[in-house]
Amino acid sequence: MRTIVAIAGLVLALAGCTVDSAGRPSPALEIGPGIEPIPGSITYGGQPRTRLTKSPIGSVVSHQFRNEFGQRVEERYILQPDRSLKLVSRRVYREPFWDD
């Protein structure tokens, strides 16, 4: 009986771990309408002054930068009909010392 309880505990502990195919921790992913810009985001402090006038409405704009902790951040924006950018997803790679 103790063996079954120990194995069940081990299975639950391992189920909480998430790694990608290379064995690295998977990045934190935020998706949805409630994502707020952070320092380094294109829309942090308001919309950019320049407008994407030649891109079609609905285009996806990707942006990569490092946050204040040195972690790589990837954001995706969608170009709105008024030519503003809407932040739709953010992925934070929590490995600050990887050289990628």
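Q: Let's start at one spot. Is Arg83 buried, partly exposed or exposed?
A: Arg83 is partly exposed, with a relative accessible area of 25%. Here buried means under 20% relative accessible area, exposed means over 50%, and partly exposed lies in between, using a 1.4 Å probe and protein chains only.

Q: What kind of model is this, and how are residues numbered?
A: This is a predicted model, so to speak of local features we need pLDDT of at least 70, side-chain atom pairs count only at pLDDT 80 or more, and totals for chains, interfaces and linings use all residues. Residues are numbered from 1 along each chain as its sequence is written, and side-chain values use heavy atoms, with hydrogens and water left out.

Q: Where is Arg83 found?
A: Arg83 is in the loop between E3 and E4. Strands like these (E, at least two residues) and helices (H or I, at least four) are DSSP runs, numbered from the N terminus.

Q: What is the phi of Arg83 like?
A: Positive, near 70°, in a residue other than glycine. Arg83 takes that phi in the hairpin of E3 and E4, which has 5 residues between the strands.

Q: How far is Arg83 from Lys54?
A: Their C-alpha atoms are separated by 9.9 Å. Along the chain the two are 29 residues apart.

Q: And Lys54 itself, buried or exposed?
A: Lys54 is exposed, at 81% relative accessible area. Lys54 lies in the loop between E1 and E2.

Q: Zooming out: how many helices and strands are there?
A: The protein has 1 helix and 4 strands. From the N terminus on, the order is α-β-β-β-β.

Q: How are the strands arranged in the sheet?
A: The 4 strands form an open sheet in the order E1-E4-E3-E2, with antiparallel pairing. Two strands pair if DSSP finds at least two bridges between them.

Q: Which strands stand at the edges?
A: Strand E1 (28–31) and strand E2 (60–66). Each has a single partner strand, so one side of each is left without a neighbour in the sheet. The twist averages 20° from one strand to the next. For that angle, axes are lines fitted to C-alpha atoms (for helices, over the stretch in contact), and angles run from 0 to 180 degrees between N-to-C directions.

Q: What holds strands together in general?
A: Strands of a sheet pair through backbone hydrogen bonds, either parallel or antiparallel.

Q: How many bridges join E3 to E4?
A: 8 bridges join E3 (residues 72–79) to E4 (residues 85–93). Arg76 has Ser89 in E4 as its bridge partner, and Glu75 stands opposite Arg90 in E4.

Q: And how many for E1 and E4?
A: E1 and E4 pair over 4 bridges, in the antiparallel sense. Leu29 stands opposite Arg91 in E4.

Q: Back to Arg90. Is that residue buried or exposed?
A: Arg90 is buried, with a relative accessible area of 4%.

Q: What does the side chain of Arg90 reach?
A: A polar atom of the Arg90 side chain lies 2.4 Å from the backbone oxygen of Glu36. A polar contact is a pair of N or O atoms within 3.5 Å; within protein, one must be able to donate a hydrogen and the other to accept it, and residues adjacent in sequence count only if both atoms are side-chain atoms.

Q: Which residues does Arg90 touch?
A: Among them are Ala28, Leu29, Ile35, Pro37, Val73 and Glu74, not counting residues up to four places away in sequence. Contact means heavy atoms within 4.5 Å.

Q: New topic: which residues make up the largest nonpolar core?
A: The core has 6 residues: Ile35, Val61, Tyr77, Leu79, Leu85 and Leu87. A nonpolar core is a set of buried Ala, Val, Leu, Ile, Met, Phe, Trp, Tyr and Cys residues joined through side-chain atoms within 4.5 Å.

Q: What is Leu79 in contact with?
A: Leaving aside neighbours within four places in sequence, its contacts include Leu52, Pro56, Ser59 and Leu85.

Q: Is Ser59 buried or exposed?
A: Ser59 counts as buried, at 17% relative accessibility. The Ser59 side chain reaches the backbone oxygen of Pro56 at 2.6 Å.

Q: How much of the whole protein is buried?
A: Buried residues make up 23% of the 100 residues.
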